[in-house]
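Biologist: I am new to this structure and would like to go through some of its labels with you, asking how each one is reached.

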Amino acid sequence: MSTLVFGRDREEENIKASKPSTPEDVKKYILKNQIQVVDFKFNDLPGLWQHFSIPAAELTDSESSAKSIWTEGIGFDGSSIRGFKKIQESDMILIPDPSTAVLDPVCQIPTLSLICDIFDPITKEPYTKDPRYIARKAEDYLSKSGIADTSFWGPEAEFFVFDDIRFDQAENYGFYYIDSAEGDWNTGKDEKPNLGYKSRYKEGYFPVPPHDTLQDFRSEVMLTLRKTGVPVEVHHHEVATGGQCAIDIRYGTLKQMGDNLLMYKYVIKNVARKYNKTVTFMPKPIFRDNGSGMHVHSSLWKNGKPLFYDARGYAGISDLCKWYIGGLLKHAPAVLAFAAPTTNSYRRLVPGYEAPVNLCYSARNRSAVCRIPMYSNAPEAKRVEFRAPDPSSNGYLTFAAMLMAGLDGIKNRIDPGPPVDKNIYDLFPEERARIPGVPGSLEEALDALEKDHAFLLEGGVFTQDVIQTWIQYKREVEIEAIRQRPHPHEFYLYFDI
């Protein structure tokens, strides 16, 4: 994440200046760039983009047709989207947001991409389970609170790039098989010839080529994202063997960052396909090596001034920032139901792999769940890094839940306690026992959300139906599915009993 505000470059400003912002701008952009197709994208509840497309002429040839799309929307079947409507109430509508218009970076046919908001066709009200609407309500709630008027967010979403992935599950078998040309497990493989240079387990951080075979791939992703208006600051290889990478995008406001994170995943997956590779944002696909996290940096501002800075405070943070951390720590188990939302998330959240499992805060210490980065002493660089989330999460929901937890901490002046500046894994057992930990499973996180969600309901940001649907979906569709299936390692442990 950027440490300073003045890091914007001319290319980024030019892209922003040329982007459409109104329906009339969109029409002009379509005609000027000879756009043939318009693609409407929206987010399902778990966090994947969905889409459909129309001829661009629908927005240019007929004033009445275009006006209808911008004001009344286009219908779709909500019962076919995860976490949305039941079949007897399936009709829903999408209304595109013209400010999100961008030339789609993936399609060969000139295509304009538009992100849409979801509405009920009967009441004409925004749909309560639309993740983007929840993000917008969180920003509105922040502004109305009087505490701050802007929040900035900087997620660091890691991922793996594989050369082959196979998995299957049936009544009488279950397996997965991963392969990567970079994988340490391939040092003895006859590759005709095997040229070596495989990153050893836990030694993949920052090696140059030929160890790092993905330099050009990441550079193409970076340049493609920048063309879409998503500002990339740095890319590099990550710690794990087998093609783990990170591409960091510059901070932005909450809803904007939710939009950018979806474009980020979209571009990475499709550029990988172009290279005949595949990408996963699963937090823990490889045994005994580092998983993929999504450390989320956040800060609050008011009237153009940062609120988390105080030169006299611990690590240069203000009391308001400490209360924000207090709220995050208090509500972290519930927040992780959104921020670490898969059963696989808790294969990552275990001691010893840099994944933070300790509910405490510190400057620089990466074993604490909340960290205050110390790269810069500039007031505008002061922020909190929440290290427990992972990239399987829905960014709109994760950022909104974190904001609501932090604001609850500020309103109630929740004391996070003293910082922990030691390596927590090296503490004596009795010392470690005094530091609470994150949930050990998705089931525990959902139980925490069920008991502790009043802070999310403040201002109507999250609604009871969202909480209930999320818990029900995760328990019935994911937890029960995993619970009922034998694990391959169980055969190793128990077959000869």
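Biologist: Why is C370 called buried?

Modeller: This is a predicted model, in which local features need pLDDT of at least 70, side-chain atom pairs count only at pLDDT 80 or more, and totals for chains, interfaces and linings use all residues. Residues are numbered from 1 along each chain as its sequence is written, and side-chain values use heavy atoms, with hydrogens and water left out. Buried means under 20% relative accessible area, exposed over 50%, and partly exposed in between, with a 1.4 Å probe and protein chains only; C370 has 0% relative accessibility, so C370 counts as buried.

Biologist: What makes L223 buried, exposed or partly exposed?

Modeller: L223 has a relative accessible area of 49%, so the label is partly exposed.

Biologist: How do you know whether C370 is bonded to C360?

Modeller: A disulfide is a pair of cysteine sulfur atoms within 2.5 Å. The closest cysteine sulfur to that of C370 is in C360, at 8.5 Å, which is too far for a bond. For C107 the closest is in C116, and because 14 Å lies between the sulfurs, that is too far as well. The count by this rule is 0 disulfides.
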